[in-house]
Amino acid sequence: MSASPDVSAIVPVFNGAAFLREALASLVAQTRPPTEVIVVDDGSTDESGALATSIAETASVPIRVVRQDNRGVSAARNVGIREARGAVLAFLDADDAWTPGRLARQLPLLDADADLVLGHLQVVLPGRAFPADFRPLPEAPAERLPHFGSALIRREVFETVGLLDESLSLSEDVDWFLRATEAGVTVRVDPGVAQLHRRHRASTTAGRSSGQLGLAHVLKRSLDRRRASGETADLPSAFANRP
């Protein structure tokens, strides 16, 4: 890994025009910005695609907009992975934001002994704006859980683990990180908060009961794979206590 590898930031968006400008601004404003940003418009019926194209015209970081029929966030991320040119991949959902300095802090952690850096996520509760000078909110403590938005991943890891499972509409991130763990991917922890996650009614994680069912499904699949291969069926601690 070179001292400053090319980084591709992948932003899936579906009807996220209300938040997309803020999300892209958080990428461009990084002290060490990504080499390129790929916005995957997943069949939006609002102005998401047009807004991304407009922002790309004046952005200081190259932004490419890729459009597809609506196929879900897993398919949108997979398209971004295939389109990406960087040696390192990072992700951001269109209604979230990166914290200032996140990329500059995480890149040195992705050394010869690490395949993936996993940072902390901070939930921003409904009605809250992302503060300009971010500080963790006491009612929503930072979590070190498997979220693509807080991770930095070598491109070759996807060649080992595979792409996201497009049949999953919930907990697709947990499923991929569990497969990465099973494949022996080496994870280094970023102690800082890397992602601000806006929780609102339209968010795919807003429905707690459906989210728990999706989580239970992918956890069972992982346990079944481990048992079938003769491995210990215990779950990594980061997954076992996920809400």
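Where is the place of Ser-171?

Modeller: Ser-171 is in the loop between helix H5 (155-161) and H6. Helices (H or I, at least four residues) and strands (E, at least two) are DSSP runs, numbered from the N terminus. This is a predicted model: local features need pLDDT of at least 70, side-chain atom pairs count only at pLDDT 80 or more, and totals for chains, interfaces and linings use all residues. Residues are numbered from 1 along each chain as its sequence is written, and side-chain values use heavy atoms, without hydrogens and water.

Ser-171 has a positive phi of about 60°, although it is not a glycine. Most residues other than glycine have a negative phi. Ser-171 is also buried, at 12% relative accessibility. Buried means under 20% relative accessible area, exposed over 50%, partly exposed in between (1.4 Å probe, protein chains only).

Now move on to helix H6 (residues 172-182), which holds Phe-177. Phe-177 forms a tilted aromatic pair with Phe-148: 5.1 Å centre to centre, 45° between the planes. Rings of Phe, Tyr and Trp (its six-membered ring) pair if their centres lie within 6.5 Å; planes under 30 degrees apart count as stacked, over 60 as edge-to-face and the rest as tilted. Phe-148 lies in the loop between strand S6 (116-124) and strand S7 (151-154), so the pair ties together parts that are 29 residues apart in sequence.

Phe-177 also pairs with Trp-176: the centres are 5.2 Å apart and the planes at 90°, so this pair is edge-to-face. Trp-176 is buried at 0% relative accessibility. Phe-177 is buried too, at 5%. Phe-91, Phe-148, Phe-158, Trp-176 and Phe-177 form one aromatic cluster.
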